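Hi everyone, thanks for coming. I'd like to walk you through one model today, so please have a look at it with me.

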Amino acid sequence: MKFLFDTNAIIPAEPTSQTELEDATASVAELLGLITRAEFQVYIHPVSVIEIEGDSNQERRTLRLKLLHKYQRLPAPPAISNEFISAIGRPAAGSHSEKDAVILSALLRNAADFLVTDDNGIHRWATRLGVESRVLTISDALATVRGLLPKQIEPPPAVEFAYCHELDIRDPIFDSLRGD
């Protein structure tokens with residue numbers, strides 16, 4: 001399963017100082033951990049790198065660009081789709097809206113299964129395009145991935161989990177096994 005992270009979902013995952021911790025930082029960190037555990041894929045769109053390059057804070061920009069190397073870039077990202085242009089219109093060249101349109105078009109063209117973003121404008125566009133179930137907020141993505149993971153079955157109350165090396169083979173409970 002492929003998750004495409006919008007820039008506003010990556011930024012809380014990569015705070016560059018204590019003062020830049022966001023409310024979403026813990027959630028997106030947990031989400032990335034669960035996605036890794038489930039062996040799903042996380043991608044960022046090359047346009048997200050361009051957005052980070054536009055950060056006016058040089059120190060933060062440099063650090064974030066280095067941190068982005070751990071994320072796979074979406075291979076061969078499609079241009080803004082005709083479906084998008086027909087339903088929403090063509091955004092102004094070079095605008096933030098154009099970058100959002102390119103990212104959403106990647107989802108429309110099925111380059112990813114889900115887009116993770118807290119951008120309300122992208123969510124509104126997704127609703128107009130009929131793909132709102134595939135555009136998830138960080139908290140919705142966390143709930144979705146949790147739901148896709150196998151459930152841990154709790155042992156009955158009288159049974160305790162133990163590793164074999166923790167058992168004492170001289171325990172009387174094993175007498176009948178030794179007898180056999």
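Let me start with a question: which residues form one aromatic cluster? They are Phe3, Phe40 and Phe114. By aromatic pairing I mean rings of Phe, Tyr and Trp (its six-membered ring) with centres within 6.5 Å, where planes under 30 degrees apart count as stacked, over 60 as edge-to-face and the rest as tilted.

A word on how to read this: it is a predicted model, so to speak of a local feature we need pLDDT of at least 70, side-chain atom pairs count only at pLDDT 80 or more, and totals for chains, interfaces and linings use all residues. Residues are numbered from 1 along each chain as its sequence is written, and side-chain values use heavy atoms, with hydrogens and water left out.

Now the sheet. It is open, has 5 strands in the order 3-2-1-4-5, and the pairing is parallel. Strands here are DSSP runs (E, at least two residues), helices are H or I runs of at least four, and both are numbered from the N terminus; two strands pair if DSSP finds at least two bridges between them. Strand 3 (72-73) and strand 5 (135-136) are the edges; each has a single partner strand, so one side of each has no neighbour in the sheet. Strands 1 and 4 pair in the parallel sense over 3 bridges, and phenylalanine 5 has valine 116 in strand 4 as its bridge partner. Packing on the sheet is helix 6 (residues 96-108), which touches strands 1, 4 and 5 and makes about 155° with the direction of strand 4. For that angle, axes are lines fitted to C-alpha atoms, for helices over the stretch in contact, and angles run from 0 to 180 degrees between N-to-C directions; contact means heavy atoms within 4.5 Å.

On to the inside. A nonpolar core is a set of buried Ala, Val, Leu, Ile, Met, Phe, Trp, Tyr and Cys residues joined through side-chain atoms within 4.5 Å. Buried is under 20% relative accessible area, exposed is over 50%, and partly exposed is in between (1.4 Å probe, protein chains only). The largest core has 26 residues, and Phe3, Phe5, Leu31, Ile35, Tyr71 and Val116 touch the most other members. Helix 2 gives the largest share of this core, 5 residues. What does leucine 31 contact, beyond its neighbours within four places in sequence? The list is Phe5, Val116, Ile138, Ala141, Leu142 and Val145. Another core, of 22 residues, lies apart from the largest one, with Leu4, Val47, Leu74 and Ala112 among its members.

Back to aromatics: the whole structure has 4 aromatic pairs. Phenylalanine 84 and tryptophan 125 have ring centres 5.0 Å apart and planes at 80°, so they are edge-to-face. Phenylalanine 84 sits in helix 5 (residues 82-87) and tryptophan 125 in helix 7 (residues 120-129), so this pair ties together parts 41 residues apart in sequence. Phenylalanine 84 is buried at 0% relative accessibility, and tryptophan 125 is buried at 16%.

Asparagine 110 is in the loop between helix 6 and strand 4, and is exposed at 55%.
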